[in-house]
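Subject: Structure for you to look at

Hi,

Here is the structure I promised to send over. Have a look at it first, and then read on for what turned up.

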Amino acid sequence: MKASLRSNFGKYLAKAIIWSGAVKRAVKKIQNGDYMLCFCFHAPSKEFFSECVGWLTKQGFHFISVYELEEIVNGQKPFPRKAVVLTIDDGWQSNLDNIVPVAVQNGVPVEIFVSTDVVEKGNGYWWSYIKEARRVGLSKESVEFFKTIDNEDRLRIIEETKRKIQLKREALTVDQVKEIAKTKYVTISSHTASHPILPRCSNEVSKYEIVHSKEKLEDWINQEVTHFAYPKGDYSNREISFLKRFGYTIAFSTEQTYITRERLKNPFNLPRLMMVESSTFEENICRMVGVWPLKPHKKMVVYP
C-alpha cells in the first residue's frame with residue numbers, strides 16, 4: 001500500500017512539475033549554459049532505458065562517453081553543450097538484454113561499473129539477501145541500516161544470512177562481461193570487488209576493493225580499467241588517494257547535480273543524477289533535468 005501511494009504521489013507531483021514548465025526551463029538552462037548531464041542507472045527495463053534515450057534525443061541532447069568526458073577534463077576537448085553521459089552501476093545480468101542492445105542500436109556510449117565478486121561467485125548482491133531476510137522474517141533491519149555500520153559487522157551478518165537463504169545469480173557472468181567489453185558502445189569499469197560502503201572499511205579493505213576489482217576486470221577483458229564509481233556514492237579522501245595511486249583517472253559519486261566546469265576540477269568526484277527505475281517515467285524526466293526534489297548530499301568523509 002505504501003509503495004502504491006508513493007508511486008501515485010510521485011506520478012501526480014511529476015506531472016504538476018512538468019505542467020508548470022519547470023522541465024522546459026531546466027532543459028533550456030542546461031542547453032544554453034555550461035552544464036553536462038550524467039545519469040546513473042542500475043537495472044532498468046529495456047523499455048524504460050529506451051524511453052530515456054529517446055526523450056533526451058528528442059530534446060536535442062547528444063551522448064558522449066566517459067573517455068570523451070576525460071578528454072574534456074584534461075583540456076583536450078572544449079566543454080560541450082547539450083552533452084549527456086550514461087552510466088550503469090553494479091553489473092546486473094539484465095543489463096545484457098536491456099542496456100547493451102539499446103546502446104548498439106542507437107549508437108549511444110554507455111559505461112557499466114561492475115562489482116567483480118558477485119560476477120565471479122554467481123550469487124546475489126549482498127543487499128538482496130537483506131531484503132529477502134526481511135521478507136521471510138529472519139531480520140528486521142533495512143538495507144539502509146547495513147550501509148551505516150562498520151564493514152566487518154556487515155560482512156559477518158551477511159555471511160550468516162547467506163547460510164540460511166539461497167538466491168539465484170543476479171549479476172553478469174565472467175563470460176558475459178568479456179563479451180560486452182568487445183561491444184563498440186559499451187565500456188566496462190570498476191565498482192569495487194564486493195560493493196561495500198568504502199568509508200566504513202579499514203584502510204586495508206578499502207585498498208583491496210579498489211585494486212582487486214581493477215586487476216580482475218583487466219584480466220577478464222584484456223583492457224586497461226581507469227574509471228571508477230563509488231558504491232552508494234560514498235567516499236573519503238583516502239579513497240581518492242588510492243584511486244590516484246593505483247592508476248584510476250576519473251571517479252563518480254551520486255551527488256545529485258550537473259557537471260560544470262568547476263566540478264571538472266575534481267575528476268574524482270563527478271556528480272550523477274540518479275534514475276529510479278521503480279518510479280514513473282514522468283518522475284524520471286524531472287530527475288533527468290534536476291528539478292525533482294532531492295535529498296541533501298552528504299559531505300565527503302575526511303580521514304586524518
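Predicted model: local features only at pLDDT ≥ 70, side-chain atom pairs only at ≥ 80, totals over all residues.

Which residues in H8 meet which residues in H10?

**H8 and H10**

On the H8 side you have Trp126, Tyr129, Ile130 and Ala133, and they meet Arg154, Ile158, Thr161 and Lys162 in H10. Sorted by class, the residues of this contact come out as five nonpolar, one polar and two charged. The two axes are 10 Å apart, and the helices pack at an angle of about 60 degrees. Angles of 65 to 115 degrees would count as roughly perpendicular, so H8 and H10 are oblique to each other. Their crossing is left-handed.

**The second largest pocket**

Both of those helices turn up again here. The second largest pocket has a volume of about 340 Å³, and 22 residues line it. If you want to centre your view, Asp117, Lys121, Leu155, Lys162 and Ser194 are the lining residues that lie nearest the centre of the pocket. Lys162 is also one of the H10 residues in the contact with H8.

Four helices each supply at least two residues of the lining: H7 (116–121), H8 (126–135), H10 (151–162) and H12 (203–221). H10 gives the most, with six residues.

**H12 and H13**

H12, one of the helices that supply the pocket lining, also packs against H13 (residues 237–245), where the axes come within 10 Å and cross at roughly 45 degrees. H12 passes H13 in a right-handed crossing. The contact is made by Asn203, Ser206, Lys207 and Ile210 from H12, together with Arg238, Glu239, Phe242, Leu243 and Arg245 from H13. By class, that gives three nonpolar, two polar and four charged residues.

**H3 and H14**

One more pair to show you. H3 (residues 46–58) and H14 (residues 281–288) pack at an angle of about 50 degrees, and their axes are 11 Å apart. These two are therefore oblique as well, and H3 passes H14 in a right-handed crossing. From H3, the contact uses Phe48, Glu51, Cys52, Trp55 and Leu56, while H14 brings in Phe281, Asn284, Ile285 and Met288. The residues there divide into seven nonpolar, one polar and one charged.

That's the lot from me.

Cheers

Terms used. Residues numbered from 1 in each chain as written. Heavy atoms only, no water. Axes fitted to C-alpha atoms, helices over the stretch in contact; angles between N-to-C directions. Parallel < 35°, antiparallel > 145°, perpendicular 65-115°, else oblique. Left-handed = near helix turned anticlockwise from the far one by under 90°. Contact = heavy atoms within 4.5 Å. Nonpolar A, V, L, I, M, F, W, Y, C, P; charged D, E, K, R; others polar. 1 Å grid on protein atoms, 1.4 Å probe; cavity = no way out; pocket = protein on both sides within 12 Å on 5 of 7 lines; lining within 4 Å. Points joined across faces, edges and corners; volume = space filled by probe spheres on them.
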